[in-house]
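Let's take a walk through this structure together, one piece at a time. Keep the 3D view open and turn it as you read.

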Amino acid sequence: MLEIDNNLKNSLKLANSNALSDENFKNLVQHCFNALTKKSEINNINSLYGSKPDTVKEIFASVMTLIAQFGRQNLDPLEVAQFLKNECHFNANRIKIISELYEENKNDLLVVLGTIGSHLPHITDVNWKIDYKIESKYLEEASGPIFRISLITEVFDEQLQKPVQKPINFTCTTQELQDLVYKLKDAVNHCERIAKKADISEPNAVLIIRILVGSNW
Amino acid sequence: MEEVDSIIIDSLRNIECDVDIEIHSLKDFDSELIFNSFVYCLEVINPEIKFPHGLPPSMSLRLKLATNIAECIKDLGYRGDMGYQTILYCDETELRRVLMFLIERIPRDNKVTNKEKEEGYVTKLVRQIEKKIQESLHKPWVPSELLKFGVDDTEKLILRQNYGECFSFHTEVVKLPKTLEQHSEILKNYWIHSLPNVTEQCSFYKLVPSLLFSDAKFLQKHLLMNKYDVIKNLVKEDTLKKYEESSDNNIATLRQVANENIDEYEHQTESKLPLEEEMERIIQEIKAISKSKLVMEKEIKTAGAKLSQIKDDVIQQGELLKESQAKVQLKKKAQAVLSKQENLIKLKKIVESGSERLVELANQWHSVQTPLLNEYRSLINNHSDQELKILEENEKLEKIQEKNKQIVNEIKEKERLEQQLLNEFERINKNVNRSAYTKRIIEIIANIKKQEEDIKKILNDTRAVQKDLNNLNGQLERSFTLADELIFRDAKREETARKAYKLLATLHSECNQIVQTVTDLGVMEREARNLQDQVDIELSRETASKLERVLYDLSEVKKENEILAKQISKQQIN
């Protein structure tokens, strides 16, 4: 079950107070989701500041942290509502606001959370060419063609803050390439086998019964 | 029938219908179990249908449930006799028929849905993974430009198709106002006017990590402190050592310099002035002498070189002289020899014989050379032929090698296929004893063929009989018309013939009637047989006993009704 630290709990007390009207609170939560899922903001958060910008800033940060935690634990809206009620003592109106918006945005939130982490580069394309090495005319053992392969991958660039293309180059002989291809095929087979497990079909027992019984009736 | 029963019972167990392990055939099914198996089957086929499991004690309730179930089975398309009585008092064959019909309609994947209820976290996770892989295998490729964070956001399910936009975990220290705690005015002012919002304090890609792990900050600070201390200590030690080393060196050099200075000073104090002057003069002289000595040495060297050159020349000249002397002597001898005639002739002869021998040798050489040359040529030819052959062989060999490779690949492929097929075969084999079934099927087919042949034989017989009949009929007709004509002709003249004709006519019509009745009889007999069959079928359905049962049920219901009525009246009285 989700646990949150006392600092955050204190800050959330503000969110449950009368510092914001329900209307403004809804706007703020919407802003939180927009900021977390990188959607375009409708109007600036500054318009909600009113007379207490520091309080609003704190509520904004704390609610955003809380929502990120929900997403991280993969809670469903019902669990969210329960948590807000039991742990944070929110009033029913605000619980409804948060859980409804959470239900609406949960998938996007999970997607964004899923993008954090180190992953293997994503292959989008491949370039290749074949070279043939001739050593001398009395070469007894032909070494065969050499394959030069360049996998085009997409990697996230920290400086540019966007995915960039980056090639992975390598060279291999026929045997090695065959090995690679077999490995890939093997992997595909494996995946297909796993996928097939999901729907094992029963043998056609019924048909056999029919034939067996048909004659004796 | 045993196999059929076992398959049916297996299927029932698969849908979690509680069949005892001891039950092996449908004969052993009691009414409770029959009822339950129907209910389970219906629930699996259509999850919306809900019936209680187990027969209720009250007869009227039983009837109601049974009729409902019968309705459901009829709705599914069952064509046989189906009513409440079939469910409550089912005989073996009928039960088999109904159960088979139901099991045929059980959806295939019910196993999965049933199992999921009891699974733990890990198996659920594995199932989810399997499902995800299945989905991703069915998904078409989408260019990454159309994806948002690597996910196609036009669909409901989350399926990452591109990891290109995944960023690594980086946090930044974000400053948040804490308005509920006591803080100085200045800090509060800073919070109100200057502190930017969290979203502006770091980039989007660091926002979530920074927010989620802001409570890990103190740990970071602590680590930093430790590092700082360690570095400080290291720096201190290093500089101290260096400082000490350098100072040591300095002292040593200083000491050396001081010692040298002292020595020199002592030398200078010992020497005296007049001696010094003389010394200088002598030194200058020595210098001059050494200079001249150097010059002289150089001259000696050059002179030596010249000497050796001249010596070489002399040796060369001597050799030349010797050579020319030898030449002169040879020429003198030749002169002496040539001056005599005999010697000249001899010499000529020798020369001639020499030339002759040369020719001879040339001939000999020629004779020896030609066969060898021929042989050589043929050998060369042979060699080239062989080379060609070898080249061909090589080509063949390469081809064979290629073929070999191909065949090996094919073998691999086929082995893989074989493995796959074997796996499949095993999987299929596990569930049903295939060979037994096929044997049974083949036997049945043979039986059917035999029966068909019998039927054909009988049909042929009947056809032959029909033909005979038709033939006889024709004959009869013809003979009758002949007799008719003859007697009619006579009848004009004779009285007896007229009588005979009348008799013939009556005979004919009566015979016709008889034939008609016989055929009618046949038809009637056939009808009677049909009816008898129907009667037999009806008898086999045991309608009488069923009716008895129904009557019994009716009386039961009536009794229950009476009891209920009594209870109601009692309550009313009370």
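Start with helix 6 of chain A, which lies across strand 2 and strand 3 of chain A. Helix 6 of chain A runs at about 130° to strand 3 of chain A. Bear in mind as you look that this is a predicted model.

Now for the sheet under discussion. It's an open sheet of three strands in chain A, in the order 1-2-3, with antiparallel pairing. Strand 1 and strand 3 (162-173) of chain A are the edge strands, and each pairs on one side only. If you ignore direction, neighbouring strands of this sheet are turned by 20° against each other on average.

Zoom in on strand 2 and strand 3 of chain A, which run antiparallel and are joined by 12 bridges. You can pick out a couple of the facing residues: V155(A) stands opposite V164(A) in strand 3 of chain A, and R148(A) has T171(A) in strand 3 of chain A as its bridge partner. The hairpin made by these two strands of chain A has four residues between the strands, and there Q161(A) takes a positive phi near 60°. Is strand 3 of chain A mostly tucked away or largely in the open? Of its 12 residues, the number buried is one, so strand 3 of chain A lies largely in the open.

Time to step back and see where the sheet sits in its chain. Chain A has seven helices and three strands, and along the sequence they follow the pattern α-α-α-α-α-β-β-β-α-α. Of the 217 residues of chain A, 25% count as buried. Among the contacts in chain A with a separation of 6 or more, 63% are between residues 24 or more positions apart.

Which way do helix 3 and helix 5 of chain A lie relative to each other? The axes of helix 3 (residues 53-73) and helix 5 (residues 92-114) of chain A come within 9 Å and cross at roughly 75°. The two helices of chain A are therefore roughly perpendicular to each other. On the helix 3 side of chain A, the residues that meet helix 5 of chain A are I67(A), F70(A), G71(A) and R72(A). Their counterparts in helix 5 of chain A are Y102(A), K106(A), L109(A), L110(A) and L113(A). By class, the residues of this contact between helix 3 and helix 5 of chain A divide into six nonpolar, one polar and two charged.

Two loops in this part of the chain are worth a stop. N74(A) lies in the loop between helix 3 and helix 4 of chain A, and its phi is near 55°, a positive value in a residue other than glycine. N74(A) counts as exposed, with 11 C-beta neighbours inside 10 Å. H89(A) lies in the loop between helix 4 and helix 5 of chain A. The phi of H89(A) is also positive, near 55°, and this residue isn't glycine either. H89(A) is exposed, with 12 other C-beta atoms within 10 Å.

Now bring in the partner. Chain B has 16 helices and zero strands, and buried residues make up 10% of its 574 residues. Where the chains touch, the contact takes 59 residues from chain A and 56 residues from chain B. Which element of chain A gives the most to the side that touches chain B? That's helix 3 of chain A, with 12 residues. By class, this side of chain A has 30 nonpolar, 17 polar and 12 charged residues.

Finally, peek inside. The largest nonpolar core has 39 residues, and among those with the most contacts inside it are C32(A), L36(A), F60(A) and M64(A). Its suppliers of at least two residues each include helix 1 and helix 2 of chain A, together with helix 10 (204-212) of chain B. Helix 3 of chain A gives the most to this core, with 10 residues. Take M64(A) as a guide: leaving aside its neighbours within four places in sequence, M64(A) is in contact with C32(A), A35(A), L36(A), V198(B) and L211(B). There is also a second, separate core of 30 residues, which includes L12(B), V39(B), L88(B) and C90(B).

Note on methods: Residues are numbered from 1 along each chain as its sequence is written. Chains are lettered from A and ligands numbered from 1 in the order in which they are written. This is a predicted model: local features need pLDDT of at least 70, side-chain atom pairs count only at pLDDT 80 or more; totals for chains, interfaces and linings use all residues. Axes are lines fitted to C-alpha atoms, for helices over the stretch in contact, and angles run from 0 to 180 degrees between N-to-C directions. Angles under 35 degrees count as roughly parallel, over 145 as roughly antiparallel, 65 to 115 as roughly perpendicular and the rest as oblique. Two residues are in contact if their C-beta atoms, placed from the backbone, lie within 7 Å. Ala, Val, Leu, Ile, Met, Phe, Trp, Tyr, Cys and Pro count as nonpolar, Asp, Glu, Lys and Arg as charged, and the others, Gly among them, as polar. Two strands pair if DSSP finds at least two bridges between them. A nonpolar core is a set of buried Ala, Val, Leu, Ile, Met, Phe, Trp, Tyr and Cys residues joined through C-beta atoms within 7 Å. A residue is buried if 20 or more other C-beta atoms lie within 10 Å of its own, exposed if 12 or fewer, and partly exposed in between; C-beta atoms are placed from the backbone.
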